[in-house]
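Here is a friendly briefing to keep beside the sequence and the 3D view.

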Amino acid sequence: MERSSIIRAVMEKAYQISPEAVELIYSSDSPEDLLEYVLSTVNESVIVIGIEDINLQGFAASRKASKLIYTGNREYPDFETSSELEPISPSEPVTSPDPDSIIVNPDPAVESSQDPVSDAISVPDTVPGTVRNMDYEPVSDTQPGTFKSEEVPPSYLVSNSPSAAKTPPPIFSSSSSQAINRLASSFFGQESSLPSSSNRIFREELYSSASGSRLFSSSRDEYKSYPGRNPVTVISDITGHSTCVGEYMQFVQYFRDRYSRLSEIIRGRINARPIESLKRRNFRRGGEGGFEEISIIGMVSDISNTTNGHKILSLEDPTGFFPVLIRNSDKELFEQASRILLDEVIGVTGSITNDGSLMLATKLIQPDVPNNIQRRTGSHGKAVLISDVHVGSSKFLEDAWLDFLDFLKGESDLESMRELAASVRYVVIAGDLVDGIGIYPDQEMELDILNVYEQYRKAAEYIREIPEHIRVIISPGNHDAVRQAEPQPALPESIQADFPENVIFVGNPALIELDGVQLLIYHGRSIDDLVASIPGVSYQEPAGAVLEMLKRRHLAPTYGSRVSISPEKKDYFVIDPVPDIIHTGHVHTLGVQRYKNVLLVNSGTWQDQTEFQKRVNLVPMPARVPIVDLENFDVKILAFD
Ligand code: D5M
Ligand code: FE
Ligand code: ZN
């Protein structure tokens, strides 16, 4: 058995593993069996399997037991006293690499050749004129102002989308979104449709850090505040609040919360009735006065096409299901329906057919954002938005990163850059601070630092370079050492301890307030789903994917695709209230858009193109930094490549 097969097997079970543990398994006389034993006995709260999680004594005992059972011996011996069962001692020579000998090897090919200030550009606010006497625009009318810059090459991802690529399976798959017959399953526990047992598998969150605030900590339900010159308030964050153990009723609760909050947003705009009432037929169906227009609000539990090319959306609310027909003759509506995703909550207006079996839709309504939404103002200074640093990766662009740190320290050559640096109050990191280990197949081939804790120590060293007066907010991503299922809690205390006092750790997603400006941080894993399922949404313009989230008022609308969602009591992905800024990352391309006074920023990366990205033609946008003016929401892009 190869070392890489050990890592892969561990990865498939959604764990990470330390190099020492790999060596211990590798050097055992029966690596396959030991690995199987470790995976079947490891505590579910473990994120990174270390040698302390490998119970060699237990393994030896279990082997002996299985041998005895196999040979038909029904009398179990006392394993503890059996002389044959001397365990392999962990102190026996194993060839574990010396962590001190691992050095970060910056990519020497990357030189800082450009003058960053000459690259700085302002993003114009190109929001279309707002409609004053109407709170919402019709769903189809929403054309965002799109950021276009010569700096951004036209295509980062051609033909092959990573959606076609192999991704690790979610920790559990949803009853609602995958190959399971969706009509037979219910979001709200209606009928006798229990989800598959795989839905129950869930790793407990023990890495909560509710008590983790080193500056200020308050009781569970209050906002956590970090006062000072550059204050931060955490408004919504799973950290320390996870209740999920994967029980069936929790799925029902989760979907009820999602439905009630999103339907409430739509309810202000249409007079909807419960789906159950459609069965009573107490409305006009044809005859004198024509068909009566009625509205319902439901979660989309199925999307199908009829043989004649029409679309049927199955809608579910807590009182029942109802099928809605979108005729292909209504081009605009049909086009709108082709962008509807499974599990999103929508309103539908239409009439009911004579036999009472179908609704013929005339209008689809997404929750969306009111047109007259106001930005929070009155703040000052700048927030620097970054993500996907990937410390530990051999593709980590250390030279560019060090230039960026020099900029923050006010040590740039140019006076204008030093002035700009003086106005920076916040640095926000939206996930993938380190590269982790065992995240994708063969990842270890592209790692300079093979131990995730070493990666964090290196990251902490870098962060310590940032001047103390700047508040740094760190939220995790899919490469970080927290549970993969989202919402993810903040990094564990053991990792936080290495970082300086000006760092605030939050979960993913997290809604925070930076001196009065509301910023929603989300790593952006669902962008992979949105690119794969909404026509026109691409990796080249990642902020376009964020715009689709905003229209749905949900960060990860489809349940159980690439994003493993933990069914918490509260749906942390609902976008409510509407923030001033949404900051995402993950796809390694840069994008800035504005939509109805909300600034959408997808920050790029500090990692050069990986082998996987080469294969799928995903061209990253490294070392570009969006910097937001908190007073007027202007955005500049600084280049450090
Ligand atoms: O993800 C960066 C982007 O690349 C994101 O769109 C996922 C995609 N990606 C990268 N490596 C893989 C593999 N091996 N399988 C599937 N998708 C991948 P990040 O989370 O920063 O690695
Ligand atoms: Fe990343
Ligand atoms: Zn990522």
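Strands and helices here are DSSP runs, strands being E with at least two residues and helices H or I with at least four, numbered from the N terminus; two strands pair if DSSP finds at least two bridges between them. This is a predicted model, in which local features need pLDDT of at least 70, side-chain atom pairs count only at pLDDT 80 or more, and totals for chains, interfaces and linings use all residues. Residues are numbered from 1 along each chain as its sequence is written, chains are lettered from A and ligands numbered from 1 in the order in which they are written, and side-chain values use heavy atoms, with hydrogens and water left out.

**The barrel and its hairpin**

- Six residues separate strand 9 from strand 10 in the hairpin, and G356 in the turn has a positive phi of about 75°.
- Across this pairing, G347 has I365 as its bridge partner in strand 10, while G350 is partnered by A361.
- On pairing with strand 6, strand 9 again runs antiparallel, over six bridges, and G347 stands opposite I297.
- Strand 9 is mostly covered, with eight of its eight residues buried (buried means under 20% relative accessible area, exposed over 50%, partly exposed in between, with a 1.4 Å probe and protein chains only).
- Five strands close into a barrel with mixed pairing, in the order 6-7-8-10-9.
- From one strand to the next, the twist averages 55° (axes are lines fitted to C-alpha atoms, for helices over the stretch in contact, and angles run from 0 to 180 degrees between N-to-C directions).
- Helix 5 (residues 248-267) lies across strand 6 (294-305), strand 7 (311-317), strand 9 and strand 10, at about 125° to strand 6; contact means heavy atoms within 4.5 Å.

- Which residues coordinate the iron ion (ligand 2)? They are D388 (OD), H390 (NE2), D432 (OD) and H588 (NE2), at 1.9 to 2.3 Å.
- Donors are N, O and S atoms within 2.8 Å of the metal (3.2 Å for Na, K and Ca); water is not among the atoms, so sites may look incomplete.
- Along the sequence, the iron donors are spaced D-x1-H-x41-D-x155-H, and both D388 and H390 are buried.
- The zinc ion (ligand 3) has D432 (OD), N478 (OD1), H523 (NE2) and H586 (ND1) as its protein donors, at 2.2 to 2.3 Å.
- D432 in the loop between strand 12 and helix 9 and H586 in the loop between strand 17 (581-584) and strand 18 (591-595) link parts of the chain 154 residues apart.
- D432 bridges the zinc ion (ligand 3) and the iron ion (ligand 2), which lie 3.2 Å apart.
- D432 is buried at a relative accessible area of 1%, and H586 is buried at 9%.

**Aromatic contacts**

- The whole structure holds 20 aromatic pairs (ring centres of Phe, Tyr and Trp, the last by its six-membered ring, within 6.5 Å; planes under 30 degrees apart count as stacked, over 60 as edge-to-face and the rest as tilted).
- One stacked pair is Y440 with F612, 6.3 Å centre to centre and 15° between the planes.
- Y440 lies in the loop between strand 12 (424-430) and helix 9 (452-464) and F612 in helix 13 (residues 611-615), so the pair ties together parts 172 residues apart in sequence.
- Y440 is partly exposed at 28% relative accessibility, and F612 is partly exposed at 32%.
- One aromatic cluster is formed by F187, F188, F251, Y254, F255, Y259 and Y559.
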